[in-house]
Amino acid sequence: MLDIQLLRTDLKSIVGHLAKRGFALDIKRFNDMETQRKSIQTNTQELQATRNHISREIGQLRANGNNKNNKKIEELLHQTQKNLSCLKESERTLGELQNELQQFLEEIPNLPHNSVPNGLDGISNQEIRRWSKGEKGPRIFDFIAKDHVSIGENLGLLDFETAAKLSGARFTFMRGGLARLHRALSQFMLDIHTQEHGYIETYVPYLVNAESLHGTGQLPKFEEDLFKISRKKNGNKNDTATQISQDRINQKSSLPLQEGDWYLIPTSEVPLTNFVRNKIVTIKSLPIRLTAHTPCFRAESGSYGKDTRGMIRQHQFDKVELVQIVHPEKSYEALEQLVGHAENILKKLELPYRVMILCAGDMGFSAAKTYDIEVWLPSQNTYREISSCSNCEAFQARRMQARFRNPGGKPELLHTINGSGLAVGRALVAVLENYQNADGSVSIPEALRPYMNMINRLNI
RNA sequence: GGAGAGAUGGCCGAGUGGUCGAAGGCGCUCCCCUGCUAAGGGAGUAUAGGCUCAAAAAGUCUAUCGAGGGUUCGAAUCCCUCUCUCUCCGCCA
């Protein structure tokens with residue numbers, strides 16, 4: 001969420017920044033809402049002040065306990081009648097308006113950082129650097145490289161048919177050495193991040209509430225991408241709408257969301273980042289570096305027909321996530337660092353990759369700057385995304401009210417950074433394809449052998 | 001799932017309808033006292049928002065005592081709903 005003060009004081013420049021990412025802010029609507037809000041809020045507060053005055057006066061008269069006062073009290077009571085009905089109406093209108101404004105704000109994406117290239121889609125993303133073991137680039141095959149589906153199925157270890165029977169399309173069933181390799185990858189990643197990169201290993205819930213998803217920006221705008229678990233409790237909630245508007249009057253961060261339901265996490269960024277929701281942390285505790293290995297669940301309703309073959313795009317996949325909660329002045333430094341941590345995994349696995357900076361229009365909703373890391377897939381003769389690392393600046397922190405106390409003792413918003421380190425399923429795909437041999441076997445990368453009972457290949 | 005107890009500021013804890021944003025204590029900050037330290041004395045110490053203001057500072061108003069709703073001229077206090085924590089019972093990995 002953007003700082004509403006910024007919209008109030010510098011709307012023009014914000015509109016310009018948002019246009020860079022293809023978001024058209026409705027200026028007229030915002031200004032209209034603001035003008036209305038201002039007058040109604042002032043009015044409401046004046047009426048409240050009057051009410052409080054009269055009440056206090058009555059209180060004083062009562063305390064003095066003098067009979068003469070009864071008349072005066074009655075007068076005051078009479079006087080307050082009209083005031084109160086105006087107030088009620090005014091509060092209601094203000095609530096509705098705050099509600100509308102809040103909703104408007106919540107659906108505005110983050111502002112792209114100055115270093116982010118212009119462009120509205122992936123074509124404008126720019127390559128920053130490229131890495132492969134040795135100078136020659138990705139391995140050149142002296143046979144026709146198969147894709148991971150053929151490799152896995154030929155090994156008899158990858159079974160989409162069973163997965164489809166159990167669940168449907170876009171699920172994976174693995175067994176034997178392949179399942180083990182999958183586990184090895186995540187164990188390996190966790191070990192590197194905790195032992196070499198200073199992250200705290202974390203175990204988190206896979207079901208989270210709507211507030212958490214709101215904090216990181218998935219809700220309210222992207223509900224269709226999520227799997228929702230309903231907990232049929234007490235049937236229908238009563239007047240949710242009234243509750244919300246009341247909340248809005250109080251100017252608290254509030255949610256147009258149903259309480260009670262759970263969502264499967266689309267990434268452990270959600271539980272990890274929400275760790276600091278509604279918290280004021282000490283400056284000494286920064287940076288907070290958290291990592292977790294979790295399954296991730298995505299409905300991906302928008303992408304049917306894309307990557308239908310294999311395990312590139314699944315409803316369920318594992319990911320080792322990196323999250324940093326940092327001082328605002330350190331966040332860009334931390335982003336570079338975090339990208340390096342993710343890259344380090346690929347280096348140790350000796351998988352060729354490149355780092356891309358996403359253009360403004362290709363970034364996610366909450367991001368101010370994003371690097372994608374793409375791993376080489378020989379079967380597709382191209383690089384494919386295996387990690388996405390973003391600095392969200394204060395965008396998520398503002399939604400979450402995640403703060404630290406500055407040296408002056410005042411609470412200030414933190415910055416949040418997240419990135420995959422890495423997507424385990426896609427890492428598995430990359431290993432299978434890059435380490436495949438002519439005879440259909442797959443060599444195990446050196447770094448993973450300690451996790452594989454020291455075997456050096458998966459054989460047919 | 002059943003029965004009960006509870007939720008107040010950074011922390012502890014008082015407060016059952018009236019001037020309470022909230023006693024007292026601890027902690028923290030500043031000042032005084034003091035060879036040093038300890039002890040002692042004094043002052044300050046929530047968050048968000050509106051308005052005034054060119055801006056800052058400041059002032060002023062509003063809201064906030066787990067969350068939401070209700071009763072009332074007035075709610076931390078009374079009523080309803082929900083969430084969470086604790087204790088006991090049941091069930092379970």
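I began with the largest pocket and asked which element lines it most. Strand 11 gives the largest share of the lining, 7 residues. I note that the model is predicted.

Next I looked up the volume. The largest pocket comes to about 1,600 Å³. I counted 47 residues in its lining. Closest to the pocket centre I found Arg-298, Glu-300, Gly-364, Glu-385 and Ser-388.

I listed strand 8 (316–326), strand 10 (369–377), strand 11 (382–391), strand 14 (415–423) and helix 13.

I sorted the lining by class. I got 14 nonpolar, 19 polar and 14 charged residues.

Which domains does the lining draw on, with at least three residues from each? I found domain 2 (122–206 + 266–458) and domain 3 (208–264).

Helix 13 was on the pocket list, and I followed it to a helix partner. The axes of helix 7 (residues 176–195) and helix 13 (residues 424–434) come within 10 Å. They cross at roughly 115°. I checked the hand of this crossing, and it is right-handed.

I wrote down the contact residues. Helix 7 supplies Leu-178, Leu-181, His-182, Leu-185, Ser-186 and Met-189. From helix 13 come Val-424, Gly-425, Ala-427, Leu-428, Val-431 and Leu-432.

How many charged residues does the contact of helix 7 with helix 13 have? I found none; the contact has 9 nonpolar and 3 polar residues.

Terms used: Residues numbered from 1 in each chain as written. Chains lettered and ligands numbered in written order. Predicted model: local features only at pLDDT ≥ 70, side-chain atom pairs only at ≥ 80, totals over all residues. Heavy atoms only, no water. Axes fitted to C-alpha atoms, helices over the stretch in contact; angles between N-to-C directions. Helix = DSSP H or I, 4+ residues; strand = E, 2+ residues; numbered from the N terminus. Left-handed = near helix turned anticlockwise from the far one by under 90°. Contact = heavy atoms within 4.5 Å. Nonpolar A, V, L, I, M, F, W, Y, C, P; charged D, E, K, R; others polar. 1 Å grid on protein atoms, 1.4 Å probe; cavity = no way out; pocket = protein on both sides within 12 Å on 5 of 7 lines; lining within 4 Å. Points joined across faces, edges and corners; volume = space filled by probe spheres on them. Domains from an automatic or database assignment.
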